[in-house]
Amino acid sequence: MTGEKTVLVALAGQPNCGKSTVFNLLTGARQHVANYPGVTVEKKTGSFAIDDIRVELVDLPGTYSLTSYSLEERVARDFLINDMPSVVIDVADGSNLKRNLYLTLQLMEMEAPVILNLNMMDVVERRGQRIDVDRLRDMLGIPVVPTKAKKGEGKAALRVAVKELAGKRPGPAAYKIDYGPLEPHIDVLAGAIAEDPLVSVQYPVRWIAVKLLENDDRAADMVKGAHTDADQALALAESCRLRFTEETGNAPERHIAFARHAACARIAAETVTLPAAKKRSLSDLADRYVCHRFFGPLILLVILMALYQVAIVFGNWLALQAWPIWGAVEDFSADVLPAAGFTSDPLLRALGLWVVKSTTAILNYLPIFFLLFSLIAILEDSGYMPRMAFILDRLFRRFGLHGQSTLPMILGGVYVGGCAIPGVMATKAIPDERARLATIMIVPMMNCLAKVPLYLILIGAYFADVGGLAMFFIATVTLFMALPVAKVLTLTVLKRHPSAPFIMEMPPYHLPTIMGILRRAFERIWLFLKKIVTVVAAVAVVVFVLINYPGLPDDRRVHYDGMENAAIKGFMADVARTEFVGRITRADVLPIILFEESLKRAKRGVTDQEESSAINARFQADNPVYYAVVKREGKDGKKLNKSLKKVVRTRKKARREARAERFEASFLGSMGRALEPVTQWAGFNWRINIALLSAFAAKENSAATLGSIYGLDGDQSVQESMKAGESGFTPLHALALMLFMALYPPCVPTSIMVRHQADSTGWMLFSIAYQTLLGLLVASLVFTGGRLLGLTGLQAMWAFYGLCVATTLIMALIPNPEEREAAASVSPEPCNEHCS
Amino acid sequence: MTLDELDPGTACVMADLTVDGALGQRLMDLGFYPGAAIEIVRNAPLVDPVEIHLDGYHVSIRHDEARHIEVTL
């Protein structure tokens, strides 16, 4: 379209000001979530039209300030400077105006074209406060628009304000913070910077001067990048800082922050009327119980159990109900791909089905993910998350984690059943970079749903008499392995990563809206699908090659061809004795078998009699001869059907044996053998190694591969055949295998999430490597150690449990890096009774 | 005296900040400035962190961090 103008509008605001509600109010459903380039900070964009103007709205991260200390603040600031939005809507919580103005004034100092959006005016009214909007507008000299975004009020006014401001040329900011005794220094520095043609064009001069006096690294970098004589300007800034400190005895950055707060307080005092009597808010009352010494943890426990019950237990049921959809996808691809062969299938079919099955295995979890994401959104929107962190921070901090590490660990499956993918995704909320990385590293150690089948097989086969105890062991020991590991990582590889202060706002509780929850859940599901499914399909191809190639040697192929020929010959001999002679030839045998399979597929799940007859009729019309054999029509039909069953049995046997042989001869099989010298200390032979290697794509594979290796289709009663196939296996072997599975490296989809959340391939590889090594170490310790000490499986189990609990307790006592620093740097003042 | 020494229920006024760098900046940005009214609301179940009421809203903070905030009653 011609004549249409596009303007870029940014949405800024402090956390908990209702910014995302305003975003949704303005853009409606059309939004797009991505990351800011190069960082893990989420960037939400949306677009809408005001008359003939097309508005591109970008949601900046919620920040209290605009310093360069936190990633979010840097991202927001860089966007304002580099992308130069035509309008910045600053969303402020009207009921908390004084604090929110702190950001507004900084935006104005950057000479951004600001509209102050006083949001949550409904809360302002409910609390009996009054804001003089006209006076505020006059004092600040910028448009001020009150809204009640949650109730959908104020959209029109906001749009008008955006349109008006977008058409104007930005003038100098109307309101300037008076920095008092620092002003002369700002003037000197600003004068020097203004003389430079480059910096003064790229950046607001007064803002750069203030930032340099604040000792802001990034501002110094900006000057270095643009100023013709940067060193002189920076030296001048340094001397101004020194002189100011000498004059006033106060550091400039502190003076600047205090002056800003003083300015906010002055403006708020003139524009906000607070109610005479202070009322305790409902949130305060609720917190009396939610954060209570006894009730707090109890309520937390109930909430977490409800979360588990709904997402995992109910979600699993829901996934089961939804399975026919994915089953239909599998059936459909089985129908359209090239037909199956007798012993082996055409490449396109084998590969196609493999990829489809790998993908549906993940899609199967969608209902669980959807419930999980919705529940997390409820916890986030309601304001409970900070309370959770408040209650548990002390405990988790001892291990280098954060109060908000709880949720990711629950999602990962802190007891049994969870999934590391949403767990790793949920680490996003942790504000402390070091604790966040530590959490990302341990979430895959939790017991995800896909690890459970292997546990069940092993417990069923080797700990059948103490099954409940063994399950309790594996379900809880993971936590006692994960906590010490988190601490060790914190003390070693993560030591240099910045640890943020805990200081966290506890916003009032909000009743989440259904729309808001669903929107968030769908956003995350979409992100999950985009990130994961494509990669899973790609990896499936690689794994397919690894377990199928180089393939069977020629002599074995001849052997299976012989089996096929003998079976078909027998069948043809039977055909010759029936009325079908001449109508069924050798070439028809395989098609008859496939005809029968596709009839079975078509009828799967069909209970309706009429529908069933319709399917029969369709197949009969398709090929009456095949139909007669398959449906045992007539005396000869019955006879041939019996003979066909024999061929089918031979075919199944040949396929199973050929597959097992192909596995053994494959690249993965060679790897399994090559690893045996190392894994023997953990009690794993090459067969187990193959099963474990195949689990990397998805952990469910371990059980399925064991089934294939021990000669079974599907996984019914793998434990029986495993016991029979591995006569030397003891419960100690099984224990080592279970522990290795517990520590198993993150599966491919989780690894992708780790890479995404840690924003580094290095961390992903580290996460895979350390868990593999740790798993081998633990399994070897338990197996070799247990054998040397002559322990039974059960004894070794509890000895190891005791060891883990003891390690956890010892680790809790080792001080964290900053505690050590604090102890070393601060005077040896003993901690008094209030803080211990 | 410093903020970490006070018991729940105590009201005080912030006097000074004794830390610089990221922690100091974060405290200032969240609204800790001389003259700000502070009330200790409650300790967490495991005592640390502590929830305070700061000039109209609630903030939780670890004792380690509260130690850098000078207050007067």
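Residues are numbered from 1 along each chain as its sequence is written, and chains are lettered from A in the order in which they are written. Because the model is predicted, local features need pLDDT of at least 70, side-chain atom pairs count only at pLDDT 80 or more, and totals for chains, interfaces and linings use all residues.

Q: What makes A:L71 partly exposed?
A: A residue is buried if 20 or more other C-beta atoms lie within 10 Å of its own, exposed if 12 or fewer, and partly exposed in between, with C-beta atoms placed from the backbone. A:L71 has 18 other C-beta atoms within 10 Å, so it is partly exposed. A:L71 is found in helix α2 (residues 71–83) of chain A. Helices here are DSSP runs of H or I with at least four residues, strands are runs of E with at least two, and both are numbered from the N terminus.

Q: How far apart are the C-alpha atoms of A:L71 and A:L491?
A: They are separated by 23 Å. Along the chain, the two residues are 420 residues apart.

Q: How much of chain A is buried?
A: Buried residues make up 43% of its 836 residues. Chain A has 37 helices and 10 strands. Its C-alpha trace spans about 110 × 75 × 60 Å along its principal axes.

Q: What makes a group of residues a nonpolar core?
A: The members are buried Ala, Val, Leu, Ile, Met, Phe, Trp, Tyr and Cys residues, joined through C-beta atoms within 7 Å. The largest such core holds 226 residues, and A:L11, A:I208, A:L213, A:A736, A:M738 and A:L739 touch the most other members. Helix α22 (residues 467–491) of chain A gives the most to this core, with 11 residues. A second, separate core has 15 residues, including A:A567 and A:F571.

Q: What does A:I208 touch?
A: Contact means that two C-beta atoms, placed from the backbone, lie within 7 Å. Leaving out residues up to four places away in sequence, A:I208 touches A:I193, A:V199, A:Y203, A:A219, A:M222 and A:V223.

Q: Which domains is chain A divided into?
A: The bounds come from an automatic or database domain assignment. They give domain 1 (5–167), domain 2 (180–273), domain 3 (295–337 + 344–491) and domain 4 (554–662). The C-alpha centres of domain 3 and domain 4 of chain A lie 43 Å apart. Five residues of domain 3 of chain A are in contact with four residues of domain 4 of chain A.

Q: How many residues of chain B are in contact with chain A?
A: There are 34 in chain B, in contact with 32 residues of chain A. Helix α1(B) supplies the largest share of the chain B side, seven residues. That side divides into 16 nonpolar, six polar and 12 charged residues. Here Ala, Val, Leu, Ile, Met, Phe, Trp, Tyr, Cys and Pro count as nonpolar, Asp, Glu, Lys and Arg as charged, and the others, Gly among them, as polar.

Q: What covers the buried residues of α1(B)?
A: The cover includes α12 (252–271) of chain A, together with β1 (11–17) and β5 of chain B. Among the buried residues of α1(B) are B:G24, B:L27 and B:M28. Just after α1(B), B:G31 takes a positive phi of about 105 degrees.

Q: How do you know that strand β10 of chain A pairs with β4(B)?
A: Two strands pair if DSSP finds at least two bridges between them. Two bridges join β10 (residues 504–505) of chain A to β4(B), and the strands run antiparallel. A:E505 stands opposite B:V59 in β4(B).

Q: What is the pLDDT over residues 712–716 of chain A?
A: pLDDT is the predictor's confidence in each residue, from 0 to 100. Over residues 712–716 of chain A it stays under 50. It is also below 50 over residues 826–836 of chain A. Where pLDDT is low, the predicted coordinates should not be read in detail. Chain A averages 86, and chain B averages 91.
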